[in-house]
Every structure is written in structure tokens, then in C-alpha cells.
Amino acid sequence: MTARRQSKKRIDELLSDRALAGLTPEEGAELAALLEGTDDESFDRAAAALDLATTSDGTPLPAHLAAKIEVDALRALSAAETVPLRPPARRREPLPYAGWLVAAACFALALAGWLRTPPGQSLVETPAPPATAARVEPVASPPASAWSPSAMREKLLSMPDVVHVDWSPTKDPGGRGASGDVVWSNGQQAGCMRFHGLAANDPARSQYQLWIFDPSQSAKTPIDGGVFDVEPTTGDVIVPITPKLHVSGPTLFAITVEKPGGVVVSKREHIVVVAAVKT
Amino acid sequence: VLPRIALGDAAAVRECITRHGALVWALARRLSPTPADAEDATQEIFADLWKCAGRFQPGIASEPVFVATIARRRLIDRLRARKRRPQTELLSEGPGELPDPNRASDGEMCAEASLAASAIAKLRPEQRQVLLLAILQGLSHEEIASVMGMPLGTVKTLARRGLAHVRALLSDPGAQLAAVEP
């Protein structure tokens, strides 16, 4: 047998083994070397056809699983299409104890303000009336049918466990005139924020960061919901939520202004908008 | 539906899940030790599918075969990672049960699957048994050798030749055409 025929025989053996039972790392490397950068999936397709011939697919995918897969898919592309989200800074910074007290006080006031504190005496201002301007997305205005944050938002709104709350601007100048809402599904562990009138930021100087207050975490250390940028726009901005931890039942969403890349723990010097979940 | 997904059509995602969800779910359940593991596997398979949708070429394989190929690769990876035989809960079909090639006539089976069913029905019994144990139960060659009391080399030869036979039939356009004709 010539070397070439031996090589072909070995390739077919490895391709067949891969299709039926997978290869060890060593075998995979051997196959890659023999194929010299190409691939041949004909054995895999033959095994798949056999599998199809012997598989009864009469049981539908469970609805909750189908919904999760769909949301995951939309989230994946939404994250890719919206403004780039940089990971938060990993470096932990020492925080003065006094800062914590202020932060905790701010949170308590913000939450108290939401809970029926008379307007005018609250840290939280009365939300602006709903925007009537044409709604646009900040990134390339994808068609409604395409993967987009708005498609993900619509999907989440159809979830039975959806949490849907409006943003309220605080007295921080950065939140003046901002409105919008938050949509969150615990079951899907996914959500979207919509903003109207939130000031554009310079990513080289600062970024917005979402914090999710959750019973699983101390109010001093809410869950990091990801950093994001807002570009100049007259319409709505929709941003997917990217929590770093499991969210069991959000009680409050808050947006702060932080240094580029975000922070691990916020000093809460600039809380611009909050959205409290009514219980 | 896969080309539309590759172009970023969100509606196609739902359509794909509706169209192929039951197939992926059936494959995942069969090769997963628990329902929870099957759910994880199913999510991973669809994540792979979204990434690979642009590679789909209708002239080479049907969508079900493409989806099953992606699914099998992921499931085999998971099987190997577990390093043990899955204790499947849903093995209602025996490992040696033959597929019914006539299912194609009522539209339940794609042309390639119908051809594969015909091909495997014509194999020698031990060759068919080896292939079905590998395909249906995800057994390794070593495990099949143990189950059937055969030398490992014999199992490998039977499996490779059997799969090569199915592959050759699928590569024959005439055979494929005949399979889809009424």
C-alpha cells in the first residue's frame, strides 16, 4: 500500500471514529495534521442521517427551554450589536467607610422616595412624560425583524414572570430629563434597559453602570449589571442587561456614572436614575 | 431557515427552534444521563447552531442532517467529558431496533435519513448492531466490544465499514433522488 493510500485510509478511520464516538486530543491532532487545514464532514453527516433514521422526535421541546434558548439567542446578538460593553475593572479599590454610609443612605433615600414619599420632598423627581419622538436605536437602526435589543425586549415583555418598571431620575444633574424603563425576567436571567433623554457620555472619561439590588446580596454590594455607553441620539437607547451574578428577585435597578470600564463597588457619587420594583 | 439566521433574522430563530427543537431535544435526551443534563446540552447545541448557521449549504445536506450533525458533535463531546456511559432514562427503543425506511413516505424523514435507514437494513447483523449501539446509545468502541464480546479491532472495522457504506450511499446523487421520489 502506498503512503498516500495509507494516509487516506487513516484519515477515513479517524473521520469515522470522530463521527461515531469522538476523538482523543491526540487523534484530533493527528487528523488535523493529515487533513492539512481542510475538513471532511461526510462521515459526520452519515452518522447524523443514521441518527435521524433511528430517532423519533415526537416530543416537543419544553416551552420553558424553547423560550430560554430564544432569549439567549437574542441576547447574544443584541450584546454584539449594541454599544460595546467593556468588562468592569477587576481591581478592588479601598473604599472609605464614610463612603459606604453615604452610599447606603443614598440608596435608602432613593428607595424611600419611590415608596410614596410626596413629590417635592424626595430625592427622586417626578418622571418625565413618555417621549413621543420617533424611537430609534443607537446602533445602525436594524430592521424590526433582525436581531436587536428591541426584539429581545419584546420577547422579554411576553414572559410570564416579566418585571417592568420605569426609570425615575434622581436629583443628580446627570439624570435630568431621563426616562425609560427596565424589563427583566428572572426565569430567563435576561433583561433590557430603555432610556430616553439620558445624556451621552464620553467613554474615555466615564461610563454608565447598572446595579441590581437583589435579596441575595447586601444592599451595600448590589449585583453589577454591566457598563454601557450612550451615544448622542434624539430617540430611545436600548441596552441589554449583563448581570455578573444570578439575580433572584430584583428590588431596585440603579444607574451610576463610573470611570471607564466600571467599578467593582460603586461609591454612588452619581446615581442618575433608579427604578424600584413594587412588591 | 438557517441562511436567514445567518443574516440576522430574529423571526428565523423562533422558526428554527420550532422546526428543529424536537429533533435536538430527542437527541439530547437520548445521550444525556438526566433531563437537566439534556436541557443544558440542548442549549449548547442551539448556541453552536447560531454560530454555525452560516456554514449551512443546502446542496450538501438537508437542514435536519446539518442540525443533527451539530447536535451529535456537541453530545459526543459531552459524553467523552463525562467519561462514562450515560444512564439514559428514555431508551424506550432497544439498541438493535431497526429504523423503518418507509417512514420517509409519510414525510416524517428526510431523504438522507431514509437512505441511511435503507443502508443499515442491508448491513450484516453484527455490523448493524455495532453501528446502532454507537449511534443510539453513544457507546465507545471499547464499550461495544465489551457488550458484544468482540475484539476491539473487529468492532472498529465493523463500525468504520458500516458508516462508510452509509456515507457512500449518501454521496450518490442518484440514490438521493430515488429516495425523494414517490
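## Salt bridges overall

Over all chains, the count comes to 30 salt bridges. The model is a predicted one. Side chains of opposite charge can pair when their charged atoms come close. Of these bridges, 9 cross the interface of chain B and chain A.

## Bridges across the interface

One crossing pair joins A:E70 and B:R14, at 3.0 Å from N to O. A:E70 sits in helix α4 (residues 63-81) of chain A, and B:R14 in helix α2 of chain B. B:R14 is partly exposed, at 47%.

B:R73 also forms a salt bridge with A:D44. Their closest N and O atoms are 3.1 Å apart.

## Bridges within a chain

In chain A, A:R194 pairs with A:D181, with the closest N and O atoms 2.8 Å apart. A:R194 lies in strand β4 (residues 190-196) and A:D181 in strand β3 (residues 179-185), so the bridge ties together parts that are 13 residues apart in sequence. Both A:R194 and A:D181 are buried.

In chain B, the side chains of B:R74 and B:D48 meet in a salt bridge, 2.8 Å from N to O. This pair links distant parts of the chain: B:R74 is in helix α4, B:D48 in helix α3, and they are 26 residues apart. B:R74 is partly exposed, with a relative accessible area of 25%. B:D48 has 14% relative accessibility, so it counts as buried, the cut-off being under 20%.

Some salt bridges share partners. Through them, A:K9, A:R10, A:E13, A:D17, A:E30 and B:R160 are joined into one network.

## The interface as a whole

In all, 57 residues of chain B are in contact with 47 residues of chain A. The area buried between the chains is about 4,500 Å², and carbon and sulfur atoms give 63% of that. On the chain B side, B:R160, B:L163 and B:R167 lose the most area to chain A. Together they make up 14% of what that side buries.

Polar contacts between chain B and chain A number 13 residue pairs, counting those with both residues at pLDDT 80 or more. Which helices of chain B each supply at least two residues of the side that touches chain A? They are α2 (10-30), α3 (35-52), α4 (63-82), α5 (111-121), α6 (125-137) and α8 (152-170). α2(B) gives the most, with 13 residues. By class, the side of chain B that touches chain A has 36 nonpolar, 7 polar and 14 charged residues.

Methods
Residues numbered from 1 in each chain as written. Chains lettered and ligands numbered in written order. Predicted model: local features only at pLDDT ≥ 70, side-chain atom pairs only at ≥ 80, totals over all residues. Heavy atoms only, no water. Contact = heavy atoms within 4.5 Å. Buried area = accessible area lost by both parts, 1.4 Å probe. Salt bridge = Lys/Arg side-chain N within 4 Å of Asp/Glu carboxyl O. Polar contact = N/O pair within 3.5 Å; in protein donor to acceptor, adjacent residues only side chain to side chain. Helix = DSSP H or I, 4+ residues; strand = E, 2+ residues; numbered from the N terminus. Nonpolar A, V, L, I, M, F, W, Y, C, P; charged D, E, K, R; others polar. Buried < 20%, exposed > 50% of the residue type's maximum accessible area, 1.4 Å probe, protein only.
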